[in-house]
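Subject: Structure for you to look at

Hi there,

Here is the structure I promised to pass on. Could you open it beside this message while you read?

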Amino acid sequence: MADAIETTLPTQPLEAMKGVKKVPLEEFFTSGHRTCQGCESALVMKLMVKASGPRTIVLGSTGCMYVANTTYYSTSWVVPWMHTQLGSSGSAGMGTAAALKVLMRKGKMKEEPINVIAFCGDGGGADMGLSAISAALTHPQYNFLILLYDNESYANTDIQLSGSTPYGAHTTFSPPGKAKRIMHRRWKKNVAGMLAAGHPECRYVATVDASYAVEMMNRVRKALRIGGPTFLHSLDPCPKGWDYDPIMSHELGELAVETGVWPLYEVEDGLLKLYGRTKQIAEKRAKRKPVRDFLLKQGRFAHFTDDDIEYFQAKIDEMWTKWLIPGVIPFHTDLDRDQPPA
Amino acid sequence: MGRLFAVEIVYRGIFQKNLAKNISRGVVLAAHHGGKQGISFGRYGDSPERNGIPAKSFAVIGTDEETLQEGMAKYEPKEVDISIVVDDTLLKGVESWAWYGLQPINRLLRPGGTLIVTSMHGAGELIPMAHRKETPYQLAILKGTPSFSGLWVYKDDHTDVRVLGAIARVLPELFTIADVEKAILEEWSSPLKVTSARKAAERITTRVVSPGEGNPEKPFEFELPKWHEMREGIAIPSIARGAAMADPATQQTGGFRPARNPTFKKYTTRTMRPVVNFDTCVKCTLCWLQCPDSCFDVTPDALYDANMEACCGCGVCEAVCPVENCITMVNESAFADNASQWEAWKKDKPAYVAWLEEKIQHKPERSHGFRYRGQYEEQLPPMMEIAGGAGPEDESGKEG
Amino acid sequence: MAKAVERVSTAPREHDALISGSEAIAVACKLADVDVITAYPIRPYDTVMQYVAKLVSNGELDCEYIVAESEHSQFEIVKHASAAGARVFCGSSGVGWMYAFEALTVTPALRIPMVAMVGNRALDDPGAFGVEHNDALAVRDLGWQLVWVDNAQEALDTALIAYRVAEDRRVFLPCAIACDGAFLTHSQAQVKIPPQEWVNRFLPAYNRGDLLLHPDNPITVAPQVNEDWLMEIRKHNDEAMKRSKTVIKEVYADFAKTFGRDYGNPFFEEYQTADADVVLVGMGTLSMPVKVAIRRMRAEGKKVGFVRIRWFRPFATEELAATLSRFKAVGIIDRDFSFGSPYTSGVLATEVRAALYPAAQRPPVLAFICGLGGREVTVPDVQRMSDMLFSAASGKTQPLTTWIGIRE
């Protein structure tokens, strides 16, 4: 030992699926979880392990995808799964990957590449666990993926606002009232952009959306194949917290991208690429839809006035037209004053 | 010792959470106007609620404080005087967050108690949906479209107060319609809602259900293991890997059927189910790929068969299907079993097509929550009309 | 102190080293071939991690050595590494230990046989570096095994014993080794380091069995529960902690055979108790001034003895009650506090009193709060406590709790 450069274990040769017909039939996250009807995050779980395959260990931090999927004596997981604390997805991924690495190196475990995926919700990723995720992404010697499923609130505990809740949304901690129509005046954190910018040794960061299932699964595969710690941020429409008819889950996932609210991009070894519908919008091959089409299909924005919608639209426009890297890095060359409606 | 009353509200998680809370609070407030003490609570184990998964709320009322204590610090009463079912598909039984196994809808109902259900169906259709009970009970039907909305925007179709009016009619010992009126004015300051409650009390229909009536099936149960029978380290076995399916006709194997959670099946979450026209299916995979519940079995002939023990009826498959009328969401009350549609189609295609044609007549009013701003305002007048709630003729006593 | 006994085999030799208690535990990590170690700085425990870092950088210890970004992550990383089959080591002090508290609560529940070192340190505020035992004691109800040592040799030996006990399938509970800040963590003494062969014979490989998180053993670990399940799950831990007492006895007996050092009763050390009229009870390095004071008082004809508790969890209830009920008065020295507790004393006094309650003979029990924040416990302090015990033994009323060594 005592080598200067630490080696990483090889990864599984998970190739990109070329079209839906190439998607494997087998499920590793199956039926009988207790998520809401139309739960997009449950779909993310299913697609995530469908992409990673059987030789995978999943660690799940507290949140809907813990409480709803795994109720004692009952599970929906085919692959090994373990709970981790709310702020611990980074630590859980790293601890598991470190154990596999050292046990294989010392001959205490059969050598083989095993995928390690730790997931967290926006409470566990954008709020409490951010520091542990950030630390984990600075350890290139371990192979693991952290997947943040972002349903934009603490949906498991009763829909309380998180650092990832969009401006103005109705939550149990931000109810619109007589004195304050808009209780939640913070803008959503830009987690993927922040992590990509701040962790130069992390080889892969991407945003995904399960309404584009094959593209999403291929990004899971790339994140696992490339090695080292990697990060995916998935935006998940939530019928319960966003307040919409569950039949619209897929549509809202598409609308988030089509309105430019959720840009799809990946940063691979420092190279930024937009992909999918986002790329088409950026290249003016598709028109960016107005955010109104997205917002007014959700009960959490039902209290919005036209001014609120305009403000929201202006912030999204700004993201596309004024950010140093549109949709990714929110630096302006000229700082404009941010004026939310009264 | 005085008398202890218990009222149970069985509802669809999230969709009817605010409705159930309104009813449960209303019961306690009305009883209070009748000189009784009560508490209102949701079943703690049902929380955090999920869209559609059956949940319960309770109102426990004592004729005096000491009697009330008998009903306090409990998750649910052992027996109830009234079960209120605010969505008729719940009659098939409930599998909730709070326990394992299927609980018949009338399980907690005391002998002679009343099951109040909001439905567009008559007793002849509703009674066979519920499991048989050893003792007779009363079925009360409150005509109306089930009231579904979401957490933030409430569809105020007066179902809450109409149920209160119905209770005053079937259990006047608990509270009277006059008590209900006072409670409504206290809680909502709405004379219109008072009118709806009065009309409901007048129009409710009742009928005794005898022990021989209802679904004869024994609901699936679960026995809790002893501590030394459980694996240490809070570990349980994962679900087994799935396997290829066999064609019932040709015995050809292929496709894939996932193994499924044997303990929690989720189908009582369903208010509607997908029926599939296998003849028009283009095998695009989208229903299977986008299903959050992994409910589709992939058949040897590469079709997708929604497994009715696993489907929770979200409707995403219908939404993503590119072929018109290939997947149709149909009211769950139109079905008596969870049999495989694909197997039926394989066995007898013309018979299946006929069955399909009949079933898709039962397309429900598709309103499982918020779809666009202004939707509830559009839906309210026809709903009130069907239900016989307060209408334009009652506008004179407009809300203040 | 442990007695030297004849060893079975003497082929490989132990060697002497001048090291601190922290360094002794780092050496134990090397001997135990620990797989994953996580570090985060806080005084005084982090001396162990500084030494581990040296062992790793010099190639003497092959492990994943991860510097975490907080104590919470530090403990979570090793928790998960242990679940995946790795032998792990961790540690902290004072408020660092408290920062990790959530991770500390889940570790025993998950039956993770982690060994941790607590360099005992006063809790903030105000910031203080000196020893108090409240940090380690905070986990006393959670299923952690807790053991206090009073010298560097015992630290090394106990670390090896801790791995053997914790990783015994009958136990599978974490074990924290509490070392007094400064007096053990920052003070070097001569320690006998055993040869690797002896350790290999004593300590089998960690085998997580059917709880291993691995694709070959697909399990779901720690799904959420409701009121139908938690009592049964808690009962598992209760039984494991009870079994730990049996395993501790077996392991100490085997340790004596393998390493030639016999600690006698593993749970507590008795010093000059055979003919004592009164005894003091305490944990950790305050044993040093207490023993000195006892020798001086015995020269004056005062028959004082001392009971040093090693294993606080599991608590040697019956053994301790049987021993203490022999004396005319018992004084408990708490290097901790429990504000508002029974007789406003400390944790140890409350527990010892509870253990004594069913005893046929119940001597008067006096509680002493002493040596907080690292203040030295002095020989005159011990003499004062002993005098109060003699007075109580003679039937005179004494205050049930007394702060010793405070300026007043």
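Below are my notes, starting with chain C and then moving on to chains A and B.

Please keep in mind that this is a predicted model.

**Chain C as a whole**

Chain C holds 13 helices and 18 strands. Its C-alpha atoms fill a box of roughly 70 × 55 × 40 Å along the principal axes. Of the 408 residues in chain C, 56% are buried. Among its contacts with a separation of 6 or more, 81% are between residues 24 or more positions apart.

**Two open sheets in chain C**

One open sheet has 7 strands in the order β4-β3-β5-β6-β8-β7-β15 (chain C), and the pairing is mixed. At its edges are β4(C) and β15(C) (311-313), each of which pairs on one side only. Neighbouring strands in this sheet are turned by 20° against each other on average, direction ignored. Within the sheet, β5(C) (residues 88-92) and β6(C) (residues 115-120) run parallel and are joined by 4 bridges; C:C90 has C:A116 of β6(C) as its bridge partner. Helix α2(C) (residues 47-57) packs on this sheet, where it touches β3(C) (36-39), β4(C), β5(C) and β6(C), and its direction makes about 135° with that of β4(C). Helix α7(C) (residues 152-166) lies across β6(C), β7(C) (145-148) and β8(C) (175-180), and runs at about 165° to β8(C).

Another open sheet has 6 strands, ordered β12-β14-β13-β16-β17-β18 (chain C), again with mixed pairing. Here the edge strands are β12(C) (268-271) and β18(C) (401-404), each pairing on one side only.

**Where chain C meets chain A**

The contact draws 38 residues from chain C and 43 residues from chain A. On the chain C side, β4(C) (64-67), α3(C) (71-83), α5(C) (101-109) and β10(C) (219-221) each supply at least two residues. Which element gives the most? That is α3(C), with 9 residues. Sorted by class, the side of chain C that touches chain A has 21 nonpolar, 10 polar and 7 charged residues.

Strand pairing also crosses between these chains: β2(A) (residues 81-84) pairs with β10(C) in the parallel sense over 2 bridges. In that pairing, A:W81 stands opposite C:T220.

**A strand and a helix in chain B**

Strand β1(B) (residues 4-12) is largely enclosed by the rest of the structure, because 9 of its 9 residues are buried. In a regular strand the side chains alternate between the two faces of the sheet. Both faces of β1(B) are covered: B:L4, B:A6, B:E8, B:V10 and B:R12 are buried on one side, and B:F5, B:V7, B:I9 and B:Y11 on the other. β1(B) pairs with β3(B) (residues 54-62) in the antiparallel sense over 9 bridges, and B:R12 stands opposite B:P54 there. β1(B) also pairs with β4(B) (residues 80-85), in the parallel sense over 4 bridges, with B:E8 opposite B:S83.

Helix α6(B) (residues 191-203) has 13 residues, which at 1.5 Å a residue should span 18 Å; its end C-alpha atoms are 19 Å apart, so this agrees. The helix is mostly covered, with 10 of its 13 residues buried; among them are B:L192, B:V194 and B:R198. The cover over the buried residues of α6(B) includes β6(B) (137-143), α4(B) (159-170) and α5(B) (177-188).

Methods. Residues are numbered from 1 along each chain as its sequence is written. Chains are lettered from A and ligands numbered from 1 in the order in which they are written. This is a predicted model: local features need pLDDT of at least 70, side-chain atom pairs count only at pLDDT 80 or more; totals for chains, interfaces and linings use all residues. Two residues are in contact if their C-beta atoms, placed from the backbone, lie within 7 Å. Ala, Val, Leu, Ile, Met, Phe, Trp, Tyr, Cys and Pro count as nonpolar, Asp, Glu, Lys and Arg as charged, and the others, Gly among them, as polar. Two strands pair if DSSP finds at least two bridges between them. A residue is buried if 20 or more other C-beta atoms lie within 10 Å of its own, exposed if 12 or fewer, and partly exposed in between; C-beta atoms are placed from the backbone. The expected span of a helix is 1.5 Å times one less than its number of residues. Axes are lines fitted to C-alpha atoms, for helices over the stretch in contact, and angles run from 0 to 180 degrees between N-to-C directions.
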